[in-house]
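Visitor: I would like to learn how to read a few features of this model. Please begin with the aromatic rings.

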Amino acid sequence: NTALTSLVFIGNQITSLDVSNNILLNQLECGENQLPSLDISNNPALVTLNCSSNQLTSLDVSNNPALTSLGCSTNQLTSLDLSNNTSLYALGFDNNELTYLDLSSNVGLYEIDCGGNQLTSLNVSNNIVLEHLMCDSNQLTTLDVRNGNNTSMTQYDAMNTLGNPNLTCINVDDTAWSAANWTMIDPQHYFSNNCPPSAIQEQTTNKELLKVTDLLGRETKQTNQPLLYIY
């Protein structure tokens, strides 16, 4: 049915789904199945997508610019490109395997749930209407929440950073306000307006070249061979 605008297949244990002919589809609910893949490249009108609790290892939403709500939690995703999804309002991709995510283009995001991934850094400073952020149980070393709108995140668990053992400093708008209102943090976490660089970043200051040698350790000025630069 090419005129179909809504499809709901939740908890039916389906292993394949073809929606390529449903070009007017604006709602797709296919969570709690066994889908190993999902092709929505021919569904540009899609506004709501829930494909959580499947077996997806990849998800391409680049041809779905109208998306406002995306739920892809509890899959096996290792990457997610949201640069074309500038209308996104709600995003849930918790319990996947993502190590990196760029949310700088998604300025309208109100809710982000990215807990249970492998993210090492997260920057939501461009998400100026954000009111709900769950980024617990990752591998964060840096977290920047300086979006100029922190006071809108007022509910008890509006920001949850628990379970990030490598994270210490969290960049925020107002340190006193965050300390008073955001309690879902690990004991070593603290708030600042200007966190120091992560300890894992390379330190390049005060670097001095001591000598240049060949692979046998002999000092040389010949450049037509592999060289070792010792600082």
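Guide: Rings of Phe, Tyr and Trp (its six-membered ring) pair if their centres lie within 6.5 Å; planes under 30 degrees apart count as stacked, over 60 as edge-to-face and the rest as tilted. By this rule there are three aromatic pairs. The centres of the Tyr89 and Tyr110 rings are 5.2 Å apart and the planes are at 5°, so this pair is stacked. The pair links distant parts of the chain, 21 residues apart: Tyr89 is in the loop between strand E4 (69–71) and strand E5 (90–92), and Tyr110 in the loop between E5 and strand E6 (111–113). Strands (E, at least two residues) are DSSP runs, numbered from the N terminus. This is a predicted model: local features need pLDDT of at least 70, side-chain atom pairs count only at pLDDT 80 or more, and totals for chains, interfaces and linings use all residues. Residues are numbered from 1 along each chain as its sequence is written, and side-chain values use heavy atoms, with hydrogens and water left out.

Visitor: Does Tyr89 count as buried, exposed or partly exposed?

Guide: Buried means under 20% relative accessible area, exposed over 50%, and partly exposed in between (1.4 Å probe, protein chains only). Tyr89 has 46% relative accessibility, so Tyr89 counts as partly exposed. Tyr110, at 25%, counts as partly exposed.

Visitor: Which residues do ring pairs link into a cluster?

Guide: The cluster consists of Trp177, Trp182 and Phe191, linked by ring pairs.

Visitor: How far apart are Ser20 and Ser41 in sequence and in space?

Guide: They are 21 residues apart in sequence and 7.5 Å apart in space, C-alpha to C-alpha. Ser20 lies in the loop between strand E1 (6–8) and strand E2 (27–29).

Technical notes:
Helices (H or I, at least four residues) and strands (E, at least two) are DSSP runs, numbered from the N terminus.
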